[in-house]
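Morning, everyone. Please have the chain up on your screens, and let's walk through a few spots together.

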Amino acid sequence: MATKKIEQVEWRRYFDTNGGALHGRKATVQVIGPDIGAQLAAQGLPIVGVTYDSKDQLLEIALDGLDHLIRHPQEIYVDESPHGAMVFEAVDGEGRKHIVQVAGA
C-alpha cells in the first residue's frame, strides 16, 4: 500500500467516485486525539456510503446503524491495496485523527 494525500479540492470528487465501490464492505473506525486517547468508534460494520459535503465541511462515513461524521477535515490521506483493502485517515478541525480501515472486496 502506498499512502497518498488527497488535496482538498479533490475530496468531493474522490469520495463521489470511490464511495459507491465501498458499499457493503466492512469498516473499522478509530479516533485518536490528545483529549480522548484512542477510541474505537465502530468495528466491522458494513459501509452504506462515504461522502464529503464542501458547503458544511463534513466528511460522512455512513455505516449500517451509525453515521461517523468528521467535521472540518484539515487533511485526508488514503492507502489503497491492489486487493481492494484501503485505509483512509482524516484529521479534523480539532486535530483528532479518524482512521477508517476498509476490508478488501
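Which residue forms a salt bridge with glutamate 94? Arginine 96 does, and the closest N and O atoms are 3.3 Å apart. One caution before we go on: this is a predicted model.

Stay with that pair for a moment. Asp35 joins Glu94 and Arg96 in a network of salt bridges. Glutamate 94 itself is exposed, because its relative accessible area is 62%, and the cut-off for exposed is over 50%.

Why do such pairs form? Side chains of opposite charge can pair when their charged atoms come close.

How many salt bridges does a search of the whole structure find? Seven. Let me show you two others. Arginine 13 pairs with glutamate 10, and here the closest N and O atoms are 2.6 Å apart. Glutamate 10 is partly exposed, at 28% relative accessible area.

Next, glutamate 80 and lysine 4. Their side chains meet in a salt bridge, 4.0 Å from N to O. Glutamate 80 sits in strand β6, and lysine 4 sits in strand β1, residues 2-6, so this pair ties together parts that are 76 residues apart in sequence. Both ends are partly exposed: glutamate 80 has a relative accessible area of 34%, and lysine 4 has 39%.

Now the backbone. Most residues other than glycine have a negative phi. Look out for exceptions.

Where is glutamine 57? Find the loop between β3 (37-53) and β4 (58-63). Glutamine 57 is not a glycine, yet its phi is positive, about 50°. Its relative accessibility is 34%, so glutamine 57 counts as partly exposed.

Histidine 72 is another case. Its phi is positive too, near 50°, and histidine is not glycine. You will find histidine 72 in the loop between β5 (66-71) and β6 (75-80). At 41% relative accessibility, histidine 72 counts as partly exposed.

Last stop: glycine 44. It belongs to strand β3. Is glycine 44 buried or partly exposed? Partly exposed, because its relative accessible area is 33%, while buried means under 20%.

What does glycine 44 touch? Leave out residues up to four places away in sequence, and glycine 44 touches Lys26, Ala27 and Thr28. Now compare leucine 63. Leucine 63 is 19 residues from glycine 44 along the chain, and their C-alpha atoms are separated by 9.5 Å.

That's my tour. Questions, please.

Key: Residues are numbered from 1 along each chain as its sequence is written. This is a predicted model: local features need pLDDT of at least 70, side-chain atom pairs count only at pLDDT 80 or more; totals for chains, interfaces and linings use all residues. Side-chain values use heavy atoms; hydrogens and water are left out. Helices (H or I, at least four residues) and strands (E, at least two) are DSSP runs, numbered from the N terminus. Buried means under 20% relative accessible area, exposed over 50%, partly exposed in between (1.4 Å probe, protein chains only). Contact means heavy atoms within 4.5 Å.
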